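Here are my notes on this structure, point by point. Please keep the sequence and the 3D view open while reading.

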Amino acid sequence: MARVVIDRVSIAFQSSEGVPRIAVAETNLDIADGDFVCLLGPSGCGKSTLLNVVGGLVCASTGVIMVDGREVVDPGPDRGMVFQNYSLYPWLTIRDNVEFGPKINGWPPERRRETSLDLLNLVGLREFASEYPKALSGGMRQRVAIARALAMEPKVLLMDEPFGALDAQTRSRMQELLLDIWARRKTTVLFVTHDIEEAIFLADRVLVMSAQPGQIMADFRIELPRPRSADIVASEEFTSYRRDVLHMLRH
Amino acid sequence: MNPDVPLRVPASASPDAAPASPVKRDRRSASHKLSRYLRPRASLSPREGWIISAVGVALFFALWIAVTSGGFIQPFFLPSPAAVATRLVSMLYTDGFLIDIWASAYRILGGFLIAAALAVPIGVLMGNFRFFQALFEPLFGAARYMPASAFIPLLIIWLGIDEGQKISVVFLGVFFPLTLMIADASSTVSKDIVNSAYTLGASSMQVFFRVLIPASTPAIVDALRITVGLAWTYVIVAELVGAQRGMGIAILQAQRFLLTDQVIAGIISVGVLGVITDVGFRIAHRRLFPYMY
């Protein structure tokens with residue numbers, strides 16, 4: 001039921017000269033429950049800003065955002081976020097990182113523990129539960145960040161270039177893992193990336209954004225069969241999607 | 001440099017690509033080793049590091065011994081290391097130098113603890129709330145440039161020349177820079193970890209106490225370590241006026257009696273105690289924040 005509706009949302013920032021700079025022009029968007037949607041665009045096109053508005057971290061200048069029928073006014077655990085630089089709490093163990101949300105929301109200890117161990121199993125890090133983040137590689141840290149965001153059972157998962165800092169092989173494995181998690185959890189996902197192949201591989205819908213001002217130029221529905229594995233990128237259908245999306249971006 | 005020895009690393013290799021300390025024992029020539037030492041950002045094994053440090057200290061003492069025993073300088077101006085060491089021993093055993101050390105340590109402890117007790121909360125507030133930053137920043141920014149030693153005459157008028165005045169000098173010397181360093185440490189906590197806490201449902205209070213405070217604590221302890229060095233400097237200055245005991249007055253009195261060896265022994269003692277404090281803080285840092293190492 002976690003439909004995301006972006007209704008006439010625009011975002012402007014006050015620049016130093018006093019003239020507002022429009023980061024995202026008026027945008028309308030309707031994301032169906034359980035959809036995996038990628039926001040694709042060049043740096044500075046406002047895709048992360050739009051994501052942050054859905055997350056409640058940035059205020060829209062106009063318009064409203066509804067998640068599951070409720071207007072977004074501030075950040076909340078119904079919209080889990082994953083950031084590019086992992087943003088784990090270095091002073092907490094992996095398990096305590098995952099349990100951070102449940103703990104501050106006053107869950108009883110047994111339920112917290114059960115949830116965190118379930119999630120660490122899901123992301124394949126059960127044996128690292130009592131390590132500190134520093135001991136983990138980038139890909140493993142991002143898996144912890146995903147588990148931490150999922151702990152609060154969010155209706156929407158907002159991901160801001162989560163695999164941008166990872167090497168190609170790790171990135172590919174993480175993409176498969178994410179699709180696997182998504183298939184099990186059935187959360188709506190809004191995923192920001194500047195990588196065309198990543199967007200097509202993951203998404204049901206790819207929204208192509210252009211810069212200055214940021215706006216959605218095209219809306220591709222990706223009909224590739226699921227479950228998808230990494231070899232799908234070599235298929236003719238995939239190549240054809242990539243050609244179309246690339247054409248839009250170069251436009 | 002021996003031209004026959006091939007360069008171990010191609011010139012194009014970036015400093016970051018410098019290999020970690022070699023596992024095998026390095027049997028290459030000394031000139032080769034030297035060229036590696038002079039490559040920017042090249043790594044050094046812990047053992048090599050210790051040896052080079054020891055060589056540096058040994059060179060300093062060798063130079064000191066050479067200059068003094070070679071008769072280039074009269075002992076009155078620069079006594080030999082042995083003379084200074086002998087004097088230090090007699091200061092400790094017969095002149096009650098330990099009482100002076102304790103008197104200084106007590107003043108540092110007092111001034112530093114009061115400064116820390118005030119600087120930590122104010123600095124944390126300044127670093128995390130624009131309101132407090134706007135409120136305090138102009139005052140602290142200006143006060144930082146006012147030398148604590150210049151306050152000594154004023155403090156004598158206000159407090160006389162007893163302990164309170166000396167502790168106040170240490171306090172003034174530490175408080176302003178410490179507050180600003182803590183404010184800086186608090187404000188550099190990454191926005192993303194704050195935002196991630198908000199998206200997990202944390203309230204402002206929870207973000208402050210469960211994210212911002214633990215995230216900045218290691219840097220705050222580091223700020224304490226750096227500023228305790230300032231405390232050692234200011235306690236000596238404070239004791240130059242109206243102190244009965246203390247390392248500062250011990251040095252000043254030695255100067256009055258032209259006991260150069262005692263002056264140098266006093267100065268070196270301050271340095272050694274400063275290093276001990278620093279090492280103590282570093283050990284505490286490792287113990288308190290094992291997740292960083």
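1. A:Pro213 lies in the loop between β9 (205–210) and β10 (215–221) of chain A. Strands here are DSSP runs of E of at least two residues, and helices are runs of H or I of at least four, numbered from the N terminus. The bond joining A:Gln212 and A:Pro213 is a cis peptide, with omega about -10°.

2. Before going on, the basis. This is a predicted model, in which local features need pLDDT of at least 70, side-chain atom pairs count only at pLDDT 80 or more, and totals for chains, interfaces and linings use all residues. Residues are numbered from 1 along each chain as its sequence is written, chains are lettered from A and ligands numbered from 1 in the order in which they are written, and side-chain values use heavy atoms, without hydrogens and water.

3. Look next at A:Pro227, in the loop between β10 and α8 (236–250) of chain A. The peptide bond from A:Arg226 to A:Pro227 is also cis, with omega near -5°. Most peptide bonds are trans, and most residues other than glycine have a negative phi.

4. A:Ser87 sits in the loop between β6 (79–82) and α2 (94–98) of chain A.

5. Which residue forms a salt bridge with A:Lys47? The partner is A:Glu161, and the closest N and O atoms are 3.6 Å apart. (A salt bridge is a side-chain nitrogen of Lys or Arg within 4 Å of a carboxyl oxygen of Asp or Glu.) The pair links distant parts of the chain, 114 residues apart: A:Lys47 is in helix α1 (residues 47–55), A:Glu161 in the loop between β7 (156–160) and α6 (168–185). Over all chains the structure holds 21 salt bridges.

6. Across the interface of chain B and chain A, the rule finds 0 salt bridges. Contact (heavy atoms within 4.5 Å) involves 18 residues of chain B and 23 residues of chain A. The buried area is about 1800 Å², with 68% from carbon and sulfur atoms. Buried area is the accessible area (1.4 Å probe) that two parts lose on being put together, summed over both. B:Thr199, B:Leu200 and B:Tyr291 supply 40% of what chain B buries against chain A, more than any other three residues.
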